[in-house]
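Hi,

Here's the structure I said I'd pass along.

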Amino acid sequence: MDSREIRWSQALRLERQGERESYESFLKDFADSVRRIVKMRFRLLNLSPADAEDVVQEVLIAVHSKRRHWTDDRPLLPWLNAVTRYKLIDAVRRLRRDALRRCDLTDYEWANLFAADDPALHRDACDVDRLIDQLPTGQQSVVRALGVDGDTPKEAAVRLGISEGAVRVAFHRSLKRLAAMRRRFVDD
Amino acid sequence: MTENRADEQTLVQARTDALIAELAGQAGGGDAAEWSFASVLWAGVALSLTASLLVVGLTAGPRPNLSSLALEWAVQFKAAAMASTVGAGIALTRAAAIPGTQLRPFICLSPAVVLILCGVIFDRSGLSVTGVRFQSGPFCVGVVLLASSPPLALLLRVMTKRGTPTQPAAAGAAVGLLAGSLGALAYVVACVNDAAGFVAVWYGGAILLVAALGAALGRKILAW
């Protein structure tokens, strides 16, 4: 049997008798395990690591609030794994929804995203074009469709044969990349 | 940049450590589960069946000569088929309430499905699958849906308060299956349609509808 199963289930039994120290030690060990899992998942899914600790805290609160539902005639590790997985999936869905919502501009905002009142910015058009050429092919198509040709996300999705959601996510990622490239360009 | 990020990480982790200290301070507190989930579920099932019988009694009323017909094959088949579906519903609801427990719908439902299929195959009564009247089927579905409503409400509450469902829609479907089966079991005392095919189609259809409703409600209500 996994030594964590023995230590952690004993800690939860002692918690029911009001024993604080072993419960705190369990929560710290468990938080370390969850942190490793969440960071690994976030890396694989290209999510910001800044949000990982929030998820760790959510899992801790979930386990704490439902701890009395675990009965000691059942193994603890599968119980903890299932709760962690549930909260992690929930968090990933929420973070992705938030990212899409940040891309969700009105059609007017999309159309005017690249419009500039400052004439000095027109001379930067060639620079922007050079930067766009450095993007991956798929992202280039999306940026040119939305930023240069003035398509709405729906029109771009139809033209490129991908979903509207994929257009928005690709455009959001492209903007971040362009901003980073632009900063390097200006610093140089 | 790297130093700033490391500082930020330390700060964020310090907040987690503070949370852990606060949670540890609550050791020994919280709702002590005097009854296990299984005990609460059984109590809920008993209450639910009582409520369903009441609804059936008030809507359709008991079948004429029920006491003399109780030993007839047709009535016993209906009761056994619905009781085995209730058993499947209880097993699936228990599994859905406990994180890390596998839901095995095919295994749980196979006794009920086999029993109903055998009933259909070996039914020599010649009775119609549409029932004694044209509207028998829809009437059956309607009464079962009504009779399933109190169990659905009660058992969803049991799941919310005492369960830890990590697949809310599946848990809702399990509760819906159980509630539908209880409603259908209660309807046996009123049903005058004795064809095994009628049970398979109309009772089965009503139970599936309640299971689907349970899944839809579960997705919202059982998420935590």
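Keep in mind that this is a predicted model. I'll start with helix H2 of chain B, residues 37-59: its 23 residues reach 32 Å from the first C-alpha to the last, close to the 33 Å expected at 1.5 Å a residue. Its buried residues are B:Phe37, B:Ala38, B:Val40, B:Leu41, B:Gly44, B:Val45, B:Ser48, B:Ser52, B:Val55 and B:Val56. And what do they pack against? Three helices of chain B: H4 (73-97), H6 (136-162) and H7 (168-187). After H2(B) comes B:Gly61, with a positive phi near 80°.

Now over to chain A. Its 188 residues are 38% buried, and it has 9 helices and 0 strands. In chain A, 62% of the contacts with a separation of 6 or more are between residues 24 or more positions apart. The chain exposes about 11100 Å², with carbon and sulfur atoms supplying 51% of that.

Helix H2 of chain A (residues 20-45) is worth a click too. With 26 residues at 1.5 Å each step, it should span 38 Å, and the end C-alpha atoms are 36 Å apart, so the two agree. Buried positions in H2(A) include A:Tyr23, A:Glu24, A:Phe26, A:Arg35 and A:Phe42. Just after the helix, A:Asn46 has a positive phi of about 60°.

Cheers

Methods
Residues numbered from 1 in each chain as written. Chains lettered and ligands numbered in written order. Predicted model: local features only at pLDDT ≥ 70, side-chain atom pairs only at ≥ 80, totals over all residues. Heavy atoms only, no water. Helix = DSSP H or I, 4+ residues; strand = E, 2+ residues; numbered from the N terminus. Expected span 1.5 Å × (residues − 1). Buried < 20%, exposed > 50% of the residue type's maximum accessible area, 1.4 Å probe, protein only. Contact = heavy atoms within 4.5 Å. Areas by Shrake-Rupley, 256 points an atom, 1.4 Å probe, with all protein chains shown as cover.
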